[in-house]
Amino acid sequence: MAGGGGGGAAPPPKQEELQPHPVRDQLSSIAYCITSPPPWPEAILLGFQHYLVMLGTTVLIPASLVPQMGGGNEEKAKMIQTLLFVAGVNTLFQTLFGTRLPAVIGGSYTYVPTTISIILAGRYSDIVNPQEKFENIMRGIQGALIVASTLQIVVGFSGLWRNVARFLSPLSAVPLVALSGFGLYEFGFPVLTKCLEIGLPQIILLLIFSQYIPHIVHGGRHVFYRFAVIFSVVIVWIYAHLLTVGGAYKNTGPKTQISCRTDRAGIIGAAPWIRVPYPFQWGAPSFDAGEAFAMMAASFVALVESTGTFIAVSRYASATPLPPSILSRGIGWQGVGILFSGIFGTGNGSSVSGENAGLLALTRVGSRRVVQISAGFMIFFSILGKFGAVFASIPPPIIAALYCLFFAYVGSAGLSLLQFCNLNSFRIKFILGFSVFMGLSIPQYFNEYTAVNGYGPVHTGARWFNDMINVPFSSEAFVAGLLAMLLDVTLHRKDNTTRKDRGMHWWDRFRSFKTDTRILLLGVLTEAREVEVIFGPEENQAIIDSSCP
């Protein structure tokens with residue numbers, strides 16, 4: 001008799017236990033989808049939470065650019081107010097007329113290298129007066145943004161990006177969406193460690209409130225993960241303020257004080273009580289052809305990155321895959337947002353906020369109304385400068401701790417698209433592995449070269465030409481997404497097996513109104529009318545299901 005002690009052999013697994021996890025076009029655990037808003041009190045708190053999350057980029061970009069432009073705290077406060085105001089307007093337009101997804105449109109780090117090139121332009125070096133220098137540089141940035149906005153407006157509204165997006169399969173979308181989140185790793189833990197005693201408690205508390213307490217508490221556990229940002233930020237912010245007033249940073253260096261103290265942002269004192277940003281507030285924009293072309297290159301990179309983030313937003317809002325026509329229309333309205341950035345003078349272009357896309361996953365609330373409420377908070381606090389400045393004074397390591405979680409969620413949205421692909425195919429393995437590896441390796445080379453030498457690998461006498469090459473290849477999402485689509489399109493055979501391996505058969509049915517299985521099978525006009533109300537009359541060609549599964 002074989003075996004010896006213990007009980008008998010384990011029973012054989014049931015047949016259903018051996019089956020792989022089912023493929024999901026829509027996430028089933030989302031509490032509130034695009035058209036199913038939560039109760040008003042909860043929606044207002046969730047909207048305020050989205051406002052808090054987008055403040056990070058809104059504050060960090062002006063904080064790094066304004067001193068180089070010759071401005072002081074007053075100019076920094078005005079620039080933050082303007083960026084916040086335009087972000088609120090652009091978010092409303094995107095949710096009302098663009099993709100109509102719960103996507104926040106805010107500032108973008110993609111435009112920063114090109115903006116710095118404009119700041120370092122030789123024609124501003126002879127200006128002695130800091131105020132005059134700041135305004136002249138801002139006018140140059142405005143002119144470049146106004147011209148660059150035409151790229152996304154034309155590509156989006158003409159339907160050109162719709163034709164490009166039709167070649168996008170779940171296979172090529174994986175590297176694009178994944179590195180739209182994972183590629184921003186430099187803004188996470190490296191920034192958090194600039195003040196470890198604040199950043200580390202923030203990320204620990206965020207994980208406790210969002211991941212661990214909901215597993216311990218049975219009743220009302222959704223409150224903890226849904227409002228984990230507010231709970232953790234308030235606790236750590238008070239803790240950081242106590243360290244500040246207690247003199248913990250009294251004898252530290254200037255970099256530590258800027259990163260850790262809650263009173264060193266210089267925004268609260270410089271911000272006016274009430275101020276409404278208005279067009280051309282810095283003066284008439286100036287135009288330079290080279291700077292305009294460089295900014296257009298940055299705009300194209302932001303377009304590609306936003307495509308990946310839009311896909312992540314639709315995933316976490318529990319919508320079906322985004323039809324190319326809707327995506328193209330959203331890019332067109334994003335171009336309008338860049339035009340507003342140039343007209344109002346934000347000093348930075350616009351793109352979809354990755355951190356707010358990650359917040360959708362954390363809260364499991366993909367309601368459009370919540371994001372529209374957050375846009376209202378952006379506009380409100382941009383006008384009431386003092387109140388907005390209070391929230392804008394949150395130390396950067398706290399924001400970086402939030403990024404660690406939110407950018408990870410965006411990246412995992414890309415990985416979730418692997419469920420549509422055949423991972424046993426060597427062709428699929430090659431395209432995925434090679435595009436992701438090169439998407440990390442090429443930007444690493446460009447960024448490392450720039451950090452060591454002070455300029456990029458492409459270094460000619462024309463700074464604008466340098467930016468047109470260096471900026472795109474410094475973006476992980478751009479390189480990986482472009483390479484994955486190129487390989488996917490050029491290496492596939494036109495047979496059903498390869499098409500199925502790429503996952504195209506899962507997305508095809510959502511790309512056209514005529515082929516949508518929900519309309520063909522149900523044959524009811526009420527569903528088509530509901531979709532038309534949600535996404536506008538263009539959807540006689542393509543629709544998207546925004547209802548919770």
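Helix α18 has a kink of about 25 degrees, centred on Tyr403; the bend at a residue is the angle between axes fitted to the seven residues ending there and the seven starting there. This helix covers residues 396–416, and its end C-alpha atoms lie 30 Å apart, which agrees with the 30 Å that its 21 residues should span at 1.5 Å a residue. The expected span is 1.5 Å times one less than the number of residues in the helix. The model is a predicted one, in which local features need pLDDT of at least 70 and side-chain atom pairs count only at pLDDT 80 or more, while totals for chains, interfaces and linings use all residues. Residues are numbered from 1 along each chain as its sequence is written, and side-chain values use heavy atoms, with hydrogens and water left out.

The chain as a whole contains 25 helices and 2 strands. Helices (H or I, at least four residues) and strands (E, at least two) are DSSP runs, numbered from the N terminus. Of its 549 residues, 55% count as buried, where buried means under 20% relative accessible area, exposed over 50%, and partly exposed in between (1.4 Å probe, protein chains only). The chain exposes about 23200 Å², and carbon and sulfur atoms supply 66% of that area; accessible areas come from the Shrake-Rupley method with a 1.4 Å probe, and for residues only the protein chains shown count as cover. Among contacts between residues at least 6 apart in sequence, 85% join residues at least 24 apart, a contact being heavy atoms within 4.5 Å.

Helix α3 (residues 112–119) illustrates the interior. Because 6 of its 8 residues are buried, helix α3 is largely enclosed by the rest of the structure. The buried residues are Val112, Thr114, Thr115, Ser117, Ile118 and Ile119. They pack against α1, α4, α13 and α20 (463–470).

Ile208 is found in helix α8, and its relative accessibility of 33% makes it partly exposed.

Charged side chains form a further set of links. Side chains of opposite charge can pair when their charged atoms come close. The structure holds 7 salt bridges, each defined as a side-chain nitrogen of Lys or Arg within 4 Å of a carboxyl oxygen of Asp or Glu. In one of them, the side chains of Arg226 and Glu42 meet at 2.6 Å, N to O. This pair links distant parts of the chain, with Arg226 in helix α9 (residues 222–226) and Glu42 in helix α1 (residues 40–69), 184 residues apart. Both Arg226 and Glu42 are buried.

Arg427 and Asp488 form another salt bridge, at 3.0 Å from N to O. Here too distant parts of the chain are linked: Arg427 belongs to helix α19 (residues 426–453) and Asp488 to helix α21 (residues 476–491), 61 residues apart. Arg427 counts as buried at 17% relative accessibility, and Asp488 is buried at 0%. Salt bridges that share partners join Arg427, Asp488 and Arg502 into one network.

Phe280, although not a glycine, has a positive phi of about 55 degrees. Phe280 is found in the loop between α12 (267–270) and α13 (289–316), and is partly exposed, with a relative accessible area of 38%. Ser318, likewise a residue other than glycine, has a positive phi near 60 degrees. Ser318 lies in the loop between α13 and α14 (324–344), where it is buried, with a relative accessible area of 0%.
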